[in-house]
Amino acid sequence: RRNCRGNPNCLVGIGEHVWLGEIDENSFHNIDDPNCERRKKNAFVGLTNLGATCYVNTFLQMWFLNLELRQALYLCPSSTHTAGEGIPKDKDYEPQSICEHLQYLFALLQNSKRRYIDPSGFVKALGLDTGQQQDAQEFSKLFMSLLEDTLSRQKNPDVRNIVQKQFCGEYAYVTVCNQCGRESQLVSKFYELELNIQGHKQLTDCITEFLKEEKLEGDNRYFCETCQSKQNATRKIRLLSLPCTLNLQLMRFVFDRQTGHKKKLNTYIGFSELLDMEPFMEQKNGVYVYELSAVLIHRGVSAYSGHYIAHVKDPQTGEWYKFNDEDIEKMEGKKLQLGIEEDLAEPSKSQTRKPKCGKGTHCSRNAYMLVYRLQTREKSLTVEVPAFLQELVERDNCKFEEWCNEMAEMRKQSVARGKIKHEEVKELYKRLPAEAGSPYDFISLEWLQKWLDESTPPKPIDNTACLCSHGKLHPDKISMMKRISEYVADFFYRRYGGGPRLNVKALCKDCVVERCRILRLKNQLNEDYKTVTNLLKITVKGNDGFWVGKASLRSWRQLALEQLHEQDEDAEHSNGKMNGNAQNKDESNEEKREEEEELNFNEDIVCPHGDLCISENDRRVVSREAWEKLKQYFPKAPEFPNNKECCSQCKILEREGEENEALHKMMASEQKTSLQNLFHDKCRPCLGSWPQ
């Protein structure tokens, strides 16, 4: 049921329905269950997205599930641990290097009780802008280079060489002279293979193009050391060795020469869960079968925006997980399921259909990096967190438990307060209506609604916005108030304070009388206009009339309307604090000055000295009856009976003005005569000889 807002006696629909009847305990608080932030059993820990750091989170989760890398990082000694100094319990741990940041982050990902952790320390140490999305592939390269350089100073070879063992392979640029057949090689290390995907549908086609032979002819000919001249030649890449973890970068983000910007290639590429690299190797006698271990996805059509997620296989269970910042989802049946990752945010009309994929194969138009692990029959590692890192994790877990207990206690207290408030509101609401003949108070509807809304605890009662200029309840503010029993009003003022209290004595009779006068005049104006018009046609005899300005008479109806509207508005806004919109003193003074400059009724016949002006052309006499009608609308208008003498000062000034004007005319006439005489005496002889 809706509230009758104009009726101060209607107390229905003001928010009471929330409190009547049975209430769910969860409605007494806005605190989420802290256990929702707790890590579930056998689940992985997520990473908070700090703004635009989803690309960092995907790589961190992928590197965390590389058990060899994780174990090597745990073996990397901490500067604090090496110095033999424990970390004070009252001081937070602050990693001193990238390696320490990463090993602490991995320890939290492994044994934290939180559902997700905050990687801000790691991101800050790298100097990354959390609000700007970086090139994910570029970030991967730079971080691997930084990590390798950091670990190169370690004494333990298992730690020092982990990046090379896990990610580093070798290939050679082989150039063969067509003239003499001389072959030259330039051996180079790689941490990922950058594969062009334009014009290809399968991953193997991309690898074949990467290794294909290139002809060096014309201006691009090769200088042969044997021939000592430029010769036609062929060049190709020859894979010499492959790492345990093979990173394949699919070059989805390319430079568009037409626009001068990067663009994303949203073309499907097929890839299998098993990749045999033997056909692409120079030596065929090794083990080169790889298993798919991670797929990094970029959602979105633009190269400059979008969202990054990762599908990564758990090396210990063989199960696939989708890592999406704080949220981690386990795939059913130990199968990779790309699902909605292949739905573009803005599908184009020329969108190609997804190719059919056979068993053990997948197709993606959003995958930008594929990670393969060398297939092995060895059991996966069991990586234990070192004691010094486990101590730090336990500290963080203790903080988390304290937070959970604190939140649970706050929820408990909120529920207890809510139950008390529930019973209190139900009891008070029953006694809220004022019975006939019983004492009552007026109270703000807005305040009552806040009292019934648990989310906004009520402040002290403030009724000043509803007061008139006489300090009582303004008649026009009754619609904003509700009439309640004195018993409940006493309770409210004792509990919350405030004021002023507005009981039956607070109703303002002066305002009501004034409003009634204005309303009567508004209704009466049309009739009075006709009456005054007829009275003005009557000629006034004797001294029983009054002087009225002709301009005022022409516009008196409009002036009366404007004045009544102003009085009405003044009555509505008589309290400067209405709705908190108190006018600035300077602004109100400025408005008053502007209003004063506009002439009010009959002020057009007032002279500068405040008396009747001397110009009879600007005024006329009206009858007493007509003047009394006009006086009802303009009680403050200046009054001049028709026997009233004009302003004596103005008369003197007028007489002096006439005398001055006559004097000026006489002086001008005398000056003209003297000039004529001078002309006759001095100039006539010379002009006498001139032709007539």
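Predicted model: local features only at pLDDT ≥ 70, side-chain atom pairs only at ≥ 80, totals over all residues.
**Exercise 1: two packed helices**

Work out how helix α13 (residues 509-535) and helix α16 (residues 624-633) are arranged, and which residues meet.

*Solution*

Step 1. Let's start with the general idea: two packed helices are described by the angle between their axes and the distance between those axes.

Step 2. Look at the axes of α13 and α16: they come within 10 Å and cross at roughly 155°. Angles over 145 degrees count as roughly antiparallel, so α13 is roughly antiparallel to α16.

Step 3. Now the handedness: α13 and α16 cross in a left-handed way.

Step 4. Find the residues that meet. From α13 come R517, L521, Q524, L525, D528, T531, V532 and L535. Their counterparts in α16 are E625, A626, K629, L630, Q632 and Y633.

Step 5. Sort the residues of this contact by type: seven are nonpolar, three polar and four charged.

**Exercise 2: a four-stranded sheet**

Find the strand order of the open sheet that contains β9, then look at how β6 pairs with β9.

*Solution*

Step 1. Remember that strands of a sheet pair through backbone hydrogen bonds, either parallel or antiparallel.

Step 2. Read off the order: the four strands run β4-β3-β9-β6, with antiparallel pairing.

Step 3. Which strands lie at the edges? They are β4 (183-190) and β6 (214-216), each of which pairs on one side only.

Step 4. Zoom in on β6 and β9 (residues 233-241), which pair in the antiparallel sense over three bridges. For K215, the bridge partner in β9 is T234.

Terms used: Residues numbered from 1 in each chain as written. Heavy atoms only, no water. Axes fitted to C-alpha atoms, helices over the stretch in contact; angles between N-to-C directions. Parallel < 35°, antiparallel > 145°, perpendicular 65-115°, else oblique. Left-handed = near helix turned anticlockwise from the far one by under 90°. Contact = heavy atoms within 4.5 Å. Nonpolar A, V, L, I, M, F, W, Y, C, P; charged D, E, K, R; others polar. Pairing = 2+ DSSP bridges.
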